[in-house]
Amino acid sequence: MKNQLFIYNTLTRKKELFESIIPDRVGLYVCGPTVYGDPHLGHARPAITFDILFRYLTHCGYKVRYVRNITDVGHLVNDADSGEDKIAKKARLDDLEPMEVVQYYLNRYHKAMEALNVLPPSIEPHASGHIIEQIQLVKDILEQGFAYESEGSVYFDVEKYDKQYHYGVLSGRNIEDMLNTTRELDGQEEKRKSIDFALWKKASPEHIMRWPSPWSDGFPGWHLECTAMSKKYLGEVFDIHGGGMDLIFPHHECEIAQSMASTGHEGVRYWMHNNMITVNGQKMGKSLGNFINLAQFFEGTHELLTQSYAPMTIRFFILQAHYRSTVDFSNEALQASEKGLARLLEAFEAIDKLQPSLLGEGLKEGLVADLLAKSLDAMNDDLNTPIVISYLFEAARTINSALAGQMQVSAEDIQQLKDFFQLFLFDLLGITNELKSGNASYESFAKAVDMLLQLRMQAKQNKDWATSDKIRNELTALGFEIKDTKEGFEWKLNQ
Ligand SMILES: [Zn+2]
């Protein structure tokens, strides 16, 4: 397989040529959402980033097994080893069964991802469905001597592990600094050291999410699920593990430690991390009032938004930055993306209006082929989508010049331009053509209803009550609500 994809490996801190373990297959694992709240921008970015990778690897001819988990147990409120389980807390506040919380927000997550045209992964395993595998992993780590039991809980012995391996290999942190800076939290005195992390936690009497284990009735530590499930579905060693940069420490550092400790070798070949999102230059946070969820973007219902933004505007905006750069959301920036994307889609629509030159003259030889080759180079350079987008704009300018009669195009140029947009804008960047599928068809539909109601007005003026009533009654039967006004009429479709 001919493939020159270079990806930035967080582990080695450099771009490396991607080579899969099995020649034509790729195992990809991405940390998915903890489903206790509405999906927001922080969910959209990794989902879109690894969707691009999934699409591109598939385009390169790989058969990709893409695993993206659902965290439905074990993720505690303060992200460390104390506090309430995030899902159990939400269930308590809303008086629901924890799995009702999980299902409700998982449905909302899927709906938002579909709107963003993020392809579903091959497997979407739930942490709560893999308790047996997680208990086995704790046993393996205990057996290798890198964990200890304390009061019914099991903790990973970071100091002991670090003597043989290297804790901090991914995040660049070192254990001495961590020991000096981590403070002892309440309820953690059962740990030997503050940096030790929980593999299994004994459940307190009021904790409802609990399973039997050799140590106690309890629940798995947050980091355990990804190590256990990636091993189950992708093997002890697999190709790519992805997630947001905020997961590098402690989550991914702990995943590495767990797989090293249990198997004696590294489990992941390439670690990839997308950067974070800020809103108006500030970190997103519930307390800062700038925490905008995806439904609010789509509907324009957050006070910081001056309008609603189509899911494709959000997707395009995220792709206009390289995945390892930060992205700052603002109304101005989103409106610029909205206009930019509309320009590209209009240019694509205009290709069909181009007339091939009768004399067979065309664009400079190789012009479109060159754009295509340069765009592939950009994808191969660690998925450089902003560069790909700049070439799409270049193609759009060419189309507009040809449309204005400033350039001649051949039939072959027209086909190549079409193929170029199809591959990069639609297949690889995953943009859907809303001009075609959404707004445009609605516009035609609305015009047709207006036309019928105009006919009804004319019928009324002619005192042709039979026709006017027939139009009104039949539209009403179809679910339309029609109101006569001074200016004429208003209508809406009740569904
Ligand atoms: Zn994870």
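At what angle do helix α2 and helix α3 pack, and how far apart are their axes? In this predicted model, where local features need pLDDT of at least 70 and side-chain atom pairs count only at pLDDT 80 or more, totals for chains, interfaces and linings use all residues. Residues are numbered from 1 along each chain as its sequence is written. Helix α2 (residues 86-94) packs on helix α3 (residues 98-115) at about 100 degrees, and their axes are 8 Å apart. Here axes are lines fitted to C-alpha atoms, for helices over the stretch in contact, and angles run from 0 to 180 degrees between N-to-C directions. That angle makes α2 and α3 roughly perpendicular to each other, because 65 to 115 degrees counts as roughly perpendicular, under 35 as roughly parallel, over 145 as roughly antiparallel and the rest as oblique.

Which residues do the meeting? On the α2 side they are Ile87, Ala88, Lys90, Ala91 and Asp94, and on the α3 side Pro98, Val101 and Val102. Two residues are in contact if their C-beta atoms, placed from the backbone, lie within 7 Å. Sorted by class, this contact has 6 nonpolar, no polar and 2 charged residues. For the classes, Ala, Val, Leu, Ile, Met, Phe, Trp, Tyr, Cys and Pro count as nonpolar, Asp, Glu, Lys and Arg as charged, and the others, Gly among them, as polar. The buried residues of α2 are Lys86, Ile87, Ala88, Lys90 and Ala91, and they pack against α3. Buried means that 20 or more other C-beta atoms lie within 10 Å of a residue's own, exposed means 12 or fewer, and partly exposed is in between, with C-beta atoms placed from the backbone. Just after α2, aspartate 95 takes a positive phi of about 55 degrees.

Further along this stretch, arginine 108 lies in helix α3. Leaving aside residues up to four places away in sequence, arginine 108 touches Asp38 and Pro39. The C-alpha atoms of arginine 108 and alanine 295 are separated by 9.0 Å, although these residues are 187 apart along the chain.

Zooming out, the chain has 16 helices and 15 strands. Helices (H or I, at least four residues) and strands (E, at least two) are DSSP runs, numbered from the N terminus. The chain is divided into domain 1 (6-274), domain 2 (279-428) and domain 3 (436-493), with bounds that come from an automatic or database domain assignment. Between the C-alpha centres of domain 2 and domain 3 there are 37 Å. Taken along the principal axes, the C-alpha atoms fill a box of roughly 90 × 60 × 35 Å. Of the 495 residues, 39% count as buried. Among contacts between residues at least 6 apart in sequence, 71% join residues at least 24 apart.

Back to helix pairs. The axes of helix α4 (residues 131-143) and helix α7 (residues 224-234) come within 9 Å and cross at roughly 105 degrees, so α4 and α7 are roughly perpendicular to each other. Glu133, Gln134 and Leu137 in α4 meet Leu224, Glu225, Thr227, Ala228, Met229 and Lys232 in α7. By class, that contact has 4 nonpolar, 2 polar and 3 charged residues.

What about helix α12 (residues 367-380) and helix α14 (residues 411-428)? Their axes come within 9 Å and cross at roughly 15 degrees, which makes α12 roughly parallel to α14. The crossing of α12 and α14 is left-handed, meaning that the near helix is turned anticlockwise from the far one by less than a right angle (clockwise would be right-handed). From α12, the residues Val368, Ala369, Leu371, Leu372, Ser375 and Met379 meet Asp413, Gln416, Leu417, Phe420, Phe424 and Leu428 of α14. This contact of α12 with α14 has 9 nonpolar, 2 polar and 1 charged residues.

Most residues other than glycine have a negative phi, and most peptide bonds are trans. Leucine 383 has a positive phi, near 55 degrees, and lies in the loop between α12 and α13 (385-403). Leucine 383 is buried, with 24 other C-beta atoms within 10 Å. Asparagine 280 also has a positive phi, near 50 degrees, and sits in the loop between β11 (277-279) and β12 (282-283). Asparagine 280 is partly exposed, with 14 other C-beta atoms within 10 Å. As for the peptide bonds, phenylalanine 249 and proline 250 are joined by a cis one, with omega about 5 degrees; proline 250 lies in helix α8 (residues 248-263).
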